Amino acid sequence: MKELNPTDPIGQNIIKTISNVCFSVFVFSVLIFTVIAITYQPPDPWESSRALTKIFTDYENATFKTDSSVFKTGEDIAAASPLATPAGSLPPITESTIKQSEDQITTNSTVKSGCEDSPTPNCSDPRVLIAIQRFNLKTYKAIAFLDYQTPVNGSKPDECDVAWRFRNKKEKSWRKYRDFRRFRIGINDDDCSYKVVRPGRWHSGVNARRPRTQVISDGKDRSAKIAPPVKDDEINDTIPVLGSDSAFRQGRYLYYSRGGDYCKDMNHYIWSFLCALGEARYLNRTFVMDLSVCLASTYTQSNKDEEGKDFRYYFDFEHLKETSPIVEEGEFMRDWKKWEKSRKTKVPLRKVASYKVTPMQLRRDKSTIIWRQFDAPEPENYWYRVCEGPAGKYIERPWESLWKSKRLMNIVSEISGSMDWDFDAVHVVRGEKASNKMLWPNLDADTSPDSLVNKLQGTIAPWRNLYVATNEPFYNYFDKLRSNYKVHLLDDYKYLWGNTSEWYNETTTLNGGRPVEFDGYMRVEVDTEVLYRSKTRVETFYNLTTDCKDGINTC
């Protein structure tokens, strides 16, 4: 065979072709490597925070077009980020703890059996409490029972009233609630042990209710009948005080002036507020908090924005204080002015005029006060802009710090307890969405009374307790459901916030003696939490209609 001669034109062409191919492969490899290098993103160190954010919101950059008929807070998502059990928390009562108590009683010879005593039960007998505990544990499986008081006599010889503290297993917070019920007690013939013949309804054991504190009337309003208040001793929403001048000077503070978020939708407000709180955590500073909330017209009876609402009407201020360093704005300003009047030197202050100054740039700032000002026009003056862009990789919104108000959660417990924690629920979204045929063409028809009856019959058993969480303003809209279910609506429980209620008394005191309106946002909060406690939950945009939650072509 003839050898390939490099000087031969054919050989030169082959070598040139091979060289071109190799060079092309090299260039192509470099190009691929460059594309990978540009597009690659390393794992996000705050991925858990982003997961929490996605649970709360359906938007990435705060479009705020979310469903305003449901509002989630930290209690609702703690399963994704488990809360540590606080020190001193009561462990739930279980069958094993009941058995231990029973064994201790058996060894106590001074305690006699029911048959040896009178045919009527002795409510102070520890065996009565054990019978009630065991009955509750088997009957109310949705409840974690924490502790009981000693039963007391009811209105009849065979009745005993008992109070206990509990929490719902579906609530991820560690807050405790209170119930007191009346039980009819009998005696088993075979072993002379006590048994529960019939339990009472929610809050029926009035003799076991804690003592009331009498209200002294000031004589200014004779027409209002205010019931003696039953204060929830576990609510502590007092405003924290900084203390001495030196304590103020030694602190480091992050202060946000009001921006365009004020009087916006509550989802917008919370998105921005938690951004500010997250920056304060990142900077290791105390956040200066304005407790005044402007409620958007969406939630008011007047259909106008209403200023002067108190943050504590809607959210758990005590929990916020425990989980995030905060100081109330008025208290902070008084201490600031007091310091500067009594000292020749001014407090070191840095004013930040734009959200474009990132938290990372402020990390090493030594000023006592960093004052972010939001004087630009909308949307440049929104608080949440601070957390956009590169800052999003460093700022975690502390969703776990934001819980709903304990006063509103007491109403949730009353509603759920009145149904013995055994109910199903349907979330019916109507309002503006039902009237907007362009974005939700089928919603109005899919949530009509006849359609609801047909769709729920295949999901929820007849004559179940059915709670309807809805923004539909007409109470009788759901009447057709009453022929198949025991229907419950929020307005069925108006007495829980009426002028003889615990909620009314406590919020009136919080508002300086002026009554507080049970507004639309409070209704959303209560509806949301009752909905989450149901055994079977039917959603509008996942079960009732084929329309997309955020409008046409957004599924």
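Me: What makes residues of helix 5 count as buried, and which are they?

Reply: Buried means under 20% relative accessible area, with exposed over 50% and partly exposed in between (1.4 Å probe, protein chains only). In helix 5, Val128, Leu129, Ile130, Ala131, Ile132, Gln133, Arg134 and Asn136 are buried. This is a predicted model, where local features need pLDDT of at least 70, side-chain atom pairs count only at pLDDT 80 or more, and totals for chains, interfaces and linings use all residues. Residues are numbered from 1 along each chain as its sequence is written, and side-chain values use heavy atoms, leaving out hydrogens and water.

Me: What do the buried residues of helix 5 pack against?

Reply: Their partners include helix 4 (95-106), strand 1 (143-148) and strand 3 (159-168). Helices (H or I, at least four residues) and strands (E, at least two) are DSSP runs, numbered from the N terminus.

Me: How do you know that the span of helix 5 is close to the expected one?

Reply: The expected span is 1.5 Å times one less than the number of residues. Helix 5 (residues 126-139) has 14 residues and reaches 20 Å from first C-alpha to last, close to the expected 20 Å.

Me: Why is Leu277 called buried?

Reply: Its relative accessible area is 1%, so Leu277 falls under the cut-off and is buried. Leu277 sits in helix 7 (residues 266-282).

Me: Which residues does Leu277 touch?

Reply: Contact means heavy atoms within 4.5 Å. Not counting residues up to four places away in sequence, Leu277 touches Phe287, Leu320, Ser324, Ile326 and Pro398.
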